Amino acid sequence: MNRETLIRYIRGRKAFYSDPTQLLHAVTPALARFAQHHDLDTAILPTISKGLYVRQRLTAPDEDFQLIAAFWGPQSAAPIHDHDEVTGAVTALQGTVSETKFALKGSEKNIVFLEASETETLGIGQVSPIYPGEALQRHDMRNNSETWAVTLHLYLTPLVQFRIYVPNEEGGYSSLPRTLWFD
Ligand SMILES: [Fe+2]
């Protein structure tokens, strides 16, 4: 499947489903198929990034959803972050990445307390959903290997602002606002 076909398919499904969870279920098989047979040239791996990994938007800026490719160098990682209550999904296009979800257990002033779930390994075409709600939308991602990995991220509404979570000495996390950037 090529990128334009996937984008057209998601656009068509988005016009049909108003419920984001139903929409995500409807497009998940297409994400998995694209991951297994895609047309992105991941052999040309970008090495310069504004952040800890390379993020490229595959959809046009005025599209009302976002499809994003992220390129992960050996042993690179994203800190714990949320998705501003946006529904979406992530899968691997090349290599494998580890994902750990974190549930909100409490908060005190500007400090939050998080509980990690089991770490999952995402292989090519394995789709991990991102849902709104305190248990399901914070995660971190890591490429634990010595080779590059590439992941595909779908946000069903554009993600603009989100928060990263930085551990403090008391076992909690400070949340820091971030604006989604692209390389
Ligand atoms: Fe994420």
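With 12 C-beta neighbours inside 10 Å, Gln-22 counts as exposed. This residue is found in helix 2. Its C-alpha atom is separated by 24 Å from that of Ala-60. Along the chain, Gln-22 and Ala-60 are 38 residues apart. These values, like those that follow, come from a predicted model.

The overall build of the chain comes next. Two helices and 11 strands make up its elements. Read from the N terminus, their order is α-α-β-β-β-β-β-β-β-β-β-β-β. The radius of gyration is 16 Å, close to the 16 Å that the globule rule gives for 183 residues, so the chain is as compact as a globular protein of that length. Along the principal axes, the C-alpha atoms fill a box of roughly 50 × 40 × 30 Å. Of the 183 residues, 32% count as buried.

The helices were then considered as a pair. Two packed helices are described by the angle between their axes and the distance between the axes. Helix 1 spans residues 3-16, and helix 2 spans residues 20-36. Their axes come within 10 Å and cross at roughly 170 degrees. An angle over 145 degrees counts as roughly antiparallel, and therefore helix 1 is roughly antiparallel to helix 2. On the side of helix 1, the contact is made by Leu-6, Tyr-9, Ile-10, Arg-13 and Lys-14. Helix 2 contributes Leu-23, Ala-26, Val-27, Ala-30 and Phe-34. By class, eight of the contact residues are nonpolar and two are charged. No polar residue takes part.

Strand 1 pairs with strand 2 (residues 66-72) in the antiparallel sense, over four bridges. Here Arg-57 has Ile-68 of strand 2 as its bridge partner.

Gly-73 lies in the loop between strand 2 and strand 3 (77-81). With 18 other C-beta atoms within 10 Å, Gly-73 is partly exposed. Residues up to four places away in sequence aside, Gly-73 touches Tyr-53, Asn-143 and Trp-148. The C-alpha atoms of Gly-73 and Glu-146 are separated by 7.9 Å. These two residues are 73 residues apart along the chain.

Further pairings involve strands 5, 6, 8, 10 and 11. Strand 5 (residues 97-108) and strand 6 (residues 111-122) run antiparallel and are joined by 10 bridges. One of the residue pairs is Val-97 with Leu-122 in strand 6. The two strands form a hairpin with two residues between them. In the turn, Lys-109 has a positive phi of about 50 degrees. Strand 5 also pairs with strand 8 (residues 138-142). That pairing is antiparallel and runs over five bridges. Phe-102 stands opposite Arg-138 in strand 8.

Strand 6 pairs in turn with strand 11 (residues 173-179). The sense is antiparallel, with two bridges. Ile-111 has Ser-174 of strand 11 as its bridge partner. Strand 11 is also joined to strand 10 (residues 161-167). Seven bridges link these two strands, which run antiparallel. The bridge partner of Tyr-165 is Ser-175 in strand 11. Strand 10 and strand 11 form a hairpin with five residues between the strands. Within this hairpin, Gly-171 takes a positive phi near 90 degrees.

Technical notes. Residues are numbered from 1 along each chain as its sequence is written. This is a predicted model: local features need pLDDT of at least 70, side-chain atom pairs count only at pLDDT 80 or more; totals for chains, interfaces and linings use all residues. The radius of gyration is taken over C-alpha atoms; the globule rule is 2.2 Å times the number of residues to the power 0.38. A residue is buried if 20 or more other C-beta atoms lie within 10 Å of its own, exposed if 12 or fewer, and partly exposed in between; C-beta atoms are placed from the backbone. Axes are lines fitted to C-alpha atoms, for helices over the stretch in contact, and angles run from 0 to 180 degrees between N-to-C directions. Angles under 35 degrees count as roughly parallel, over 145 as roughly antiparallel, 65 to 115 as roughly perpendicular and the rest as oblique. Two residues are in contact if their C-beta atoms, placed from the backbone, lie within 7 Å. Ala, Val, Leu, Ile, Met, Phe, Trp, Tyr, Cys and Pro count as nonpolar, Asp, Glu, Lys and Arg as charged, and the others, Gly among them, as polar. Two strands pair if DSSP finds at least two bridges between them.
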